[in-house]
Amino acid sequence: MNQKFAFKAELLLILVTIFAALGWVFSKESLAGMPPLFFIAMRFLIGGSVLLLIGKKYFHGVQWREVFPVILIGAVMAMAMLLWIMGLKQSSNLGVGAFIACLGVVFVPFVGRLLFGERPTLSIWLSLPIAVLGLAFLALSDGLELEISHLYFLGTAICVAFQLNLLSRFLMSMHALVLTSIQLTTTGVLLLIVSLFVEGTPSSISINIVGWLLCSALISTSLRYLLQMYAMSLAPVSHGAVILNLEPVWAAVFAMLWFNEMMTIGQTIGCFLVFIAMLTSRWPQVRSIFVRSKRKAL
């Protein structure tokens with residue numbers, strides 16, 4: 001592969017993780033003036049609609065039997081986002097929540113075992129106790145008190161693991177832009193229905209909050225996924241899988257800079273262990289990067 005394209009892809013993927021992490025900040029700010037379910041519904045409706053308009057030419061020839069499974073997977077994504085936004089609403093530390101929610105990558109093989117009988121690799125088995133230890137540090141850093149938001153974020157990670165398994169199993173042949181736009185739009189529609197039943201329609205929304213919503217929808221959703229799809233087409237999948245693990249790191253940094261959030265020593269250790277668990281679960285990809293870098297040096 002052309003090294004110039006690979007380097008460009010890696011820089012773009014780092015930018016993708018920054019946009020994804022900024023989504024935590026944009027969303028937290030939006031929640032100050034919008035009901036949580038209504039906000040997340042509008043975020044994904046706007047983001048999905050923008051991608052749908054951009055990629056409408058790729059919908060030619062797409063059949064209903066191809067779209068229906070994507071809608072079902074969009075329903076799984078809706079559940080993940082419902083849990084995520086409820087966790088974000090109640091979270092006292094955005095950075096900690098980001099590390100827990102991103103554990104989905106560790107859970108993917110175990111959900112694959114449950115759904116399809118696939119056997120996790122040794123690196124996955126090694127990552128699990130590290131992740132559990134990290135979660136223990138995060139949950140018990142202030143004694144025996146467990147935040148309800150931690151459970152919401154853990155539920156998010158499990159739902160994301162289900163979503164990724166279903167995607168990898170059934171939908172690799174569909175164009176990524178079509179796949180992503182249908183998923184996001186489905187998520188938005190379903191969450192809007194739930195919001196109207198549970199929360200009702202907000203009486204008013206300030207211009208400031210609308211601005212945060214648009215940043216969340218356009219930058220951290222539409223632009224993020226567009227750049228991610230483009231970058232992944234330029235670089236080996238192994239590179240992308242490892243670089244995308246940077247999202248919770250950036251989220252913790254932005255939470256510290258924007259909200260003045262500080263982690264306890266126990267939370268810091270927990271986040272570090274969760275990050276190590278994510279890298280361990282991706283060890284074959286991490287190792288391939290080191291091997292490729294060593295060959296270049298020689």
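## M278 and the cores

Let's start with M278, which touches F99, C102, V105, V106, N245 and P248, not counting residues up to four places away in sequence; a contact here means heavy atoms within 4.5 Å. M278 is also among the residues with the most contacts inside the largest nonpolar core, alongside W24, I40, M81, W84, I85 and L88. That core has 55 residues, and its largest share, eight residues, comes from α3. A second, separate core of nine residues includes V70, L166, V178 and L179.

What is a nonpolar core? It is a set of buried Ala, Val, Leu, Ile, Met, Phe, Trp, Tyr and Cys residues joined through side-chain atoms within 4.5 Å. Buried means under 20% relative accessible area, exposed means over 50%, and partly exposed lies in between (1.4 Å probe, protein chains only).

## A predicted model

This is a predicted model, in which local features need pLDDT of at least 70 and side-chain atom pairs count only at pLDDT 80 or more, while totals for chains, interfaces and linings use all residues. Residues are numbered from 1 along each chain as its sequence is written, and side-chain values use heavy atoms, with hydrogens and water left out.

The predictor's confidence in each residue is its pLDDT, from 0 to 100. The chain averages 87, and 88% of the residues score at least 70. Helix α2 (residues 36-54) has the highest confidence, at a mean of 96, and helix α13 (residues 283-297) the lowest, at 65. Where pLDDT is low, the predicted coordinates should not be read in detail.

## The whole chain

How many helices and strands does the chain have? There are 13 helices and zero strands. Both are DSSP runs numbered from the N terminus: helices are H or I with at least four residues, strands are E with at least two.

Of the 298 residues in the chain, 48% are buried. Among contacts with a separation of 6 or more, 91% join residues 24 or more positions apart. The accessible surface comes to about 14,600 Å², and 71% of that belongs to carbon and sulfur atoms (Shrake-Rupley method, 1.4 Å probe; for residues, only the protein chains shown count as cover).

Helix α12 covers residues 265-281. Its 17 residues should span 24 Å at 1.5 Å a residue, and its end C-alpha atoms are 24 Å apart, so the two values agree. The expected span is 1.5 Å times one less than the number of residues. Buried residues of α12 include G270, L273, F275 and M278.

Helix α5 (residues 104-116) reaches 17 Å from its first C-alpha to its last, close to the 18 Å expected. A kink of about 30° in α5 is centred on F110; such a bend is the angle between axes fitted to the seven residues ending there and the seven starting there. F110 is one of the buried residues of α5, as are V105 and V106. After α5 comes G117, with a positive phi near 75°.

## Around A255 and N260

A255 lies in helix α11 and counts as buried because its relative accessibility is 1%. Leaving aside neighbours within four places in sequence, A255 is in contact with L94, G95, N260 and E261. A255 and A21 are 234 residues apart along the chain, yet their C-alpha atoms are separated by 9.3 Å.

N260 lies in the loop between α11 and α12. Is N260 buried or exposed? At 62% relative accessibility, N260 counts as exposed. Most residues other than glycine have a negative phi. N260 has a positive phi of about 60° although it is not a glycine.
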